[in-house]
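Visitor: I have a model open here and would like to talk through it. Could you take my questions one at a time?
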Amino acid sequence: MIDLIENKITGTNIAYFIICKRKMWLFTHQIEMEKYSDYVEIGKLISEESFKKERYKEVLIGETLKLDFLKMGNEIIVHEIKKSRKMEEAHIWQVKFYIYSLRRLGINSHYGVIHYPKLMKKIDVELTEEDEKEIERALKEIEIIKRLDKPPEIINKPYCKKCAYYFFCFI
Ligand code: SF4
């Protein structure tokens, strides 16, 4: 089983793995362009300005898990805040990964919620046994990609234009 802390696997790694394996490689090789991206900055602002009254906001677990907020009840529910639904599949797997990581720490968690405050929408997420296997397959593939000498090929999708790494791929 892949060690999440030793291998520094974060929710961002998982989301980028779904969006673009090249982006994930660049990110894991400390080429961090997000701070120069207006889109990323807007997303951060929305996250900071939403759900301000939540008690357990921006919860850090170890060096790798940064959860937007948690709710405690019979079990822990992971909550993630996003700007738009364009990358919804990546958002869903990011939340599933958070739940998976908490479960590996022995924490009782099965569910999450993704909030899109600007759209006034939210979607529920559940981690199934099949999802756990899928995440473990993804973790192995992530480790293989990280060890490549150079990044995977450009994918050239419409969303590349809004990607923080656009200049690495198209200039
Ligand atoms: S610009 Fe496109 S190909 Fe390049 S890292 Fe971003 S998503 Fe991947």
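Visitor: Which residues do ring pairs link into a cluster?

Guide: Ring pairs join Phe97, Tyr98 and Tyr100 into a cluster, where rings of Phe, Tyr and Trp (its six-membered ring) pair if their centres lie within 6.5 Å. This is a predicted model, in which local features need pLDDT of at least 70 and side-chain atom pairs count only at pLDDT 80 or more, while totals for chains, interfaces and linings use all residues. Residues are numbered from 1 along each chain as its sequence is written, and side-chain values use heavy atoms, with hydrogens and water left out.

Visitor: How many aromatic pairs does the structure hold?

Guide: There are seven aromatic pairs in the structure.

Visitor: Switching to the ligand, what surrounds it?

Guide: The residues around the ligand are Cys20, Lys23, Ile154, Ile155, Cys160, Cys163, Tyr165, Tyr166, Cys169 and Phe170, a residue being near a molecule if one of its heavy atoms lies within 4 Å of it. Helix 6 (residues 166–170) gives the largest share of this shell, three residues; helices here are DSSP runs of H or I with at least four residues, and strands are runs of E with at least two, numbered from the N terminus.

Visitor: Which residues have the most contacts inside the largest nonpolar core?

Guide: Those are Val78, Phe97, Leu139 and Tyr165, in a core of 41 residues. Such a core is a set of buried Ala, Val, Leu, Ile, Met, Phe, Trp, Tyr and Cys residues joined through side-chain atoms within 4.5 Å. Helix 4 supplies the largest share of this core, eight residues.

Visitor: What about strand 4 and strand 5, how many bridges join them?

Guide: Six bridges join strand 4 (residues 111–116) to strand 5 (residues 121–126), and the two run antiparallel; strands pair if DSSP finds at least two bridges between them. Histidine 115 has lysine 122 in strand 5 as its bridge partner. The hairpin has four residues between the strands, and methionine 120 takes a positive phi near 55° there.

Notes:
Phe/Tyr/Trp six-rings, centres within 6.5 Å; stacked < 30°, edge-to-face > 60°. Buried < 20%, exposed > 50% of the residue type's maximum accessible area, 1.4 Å probe, protein only.
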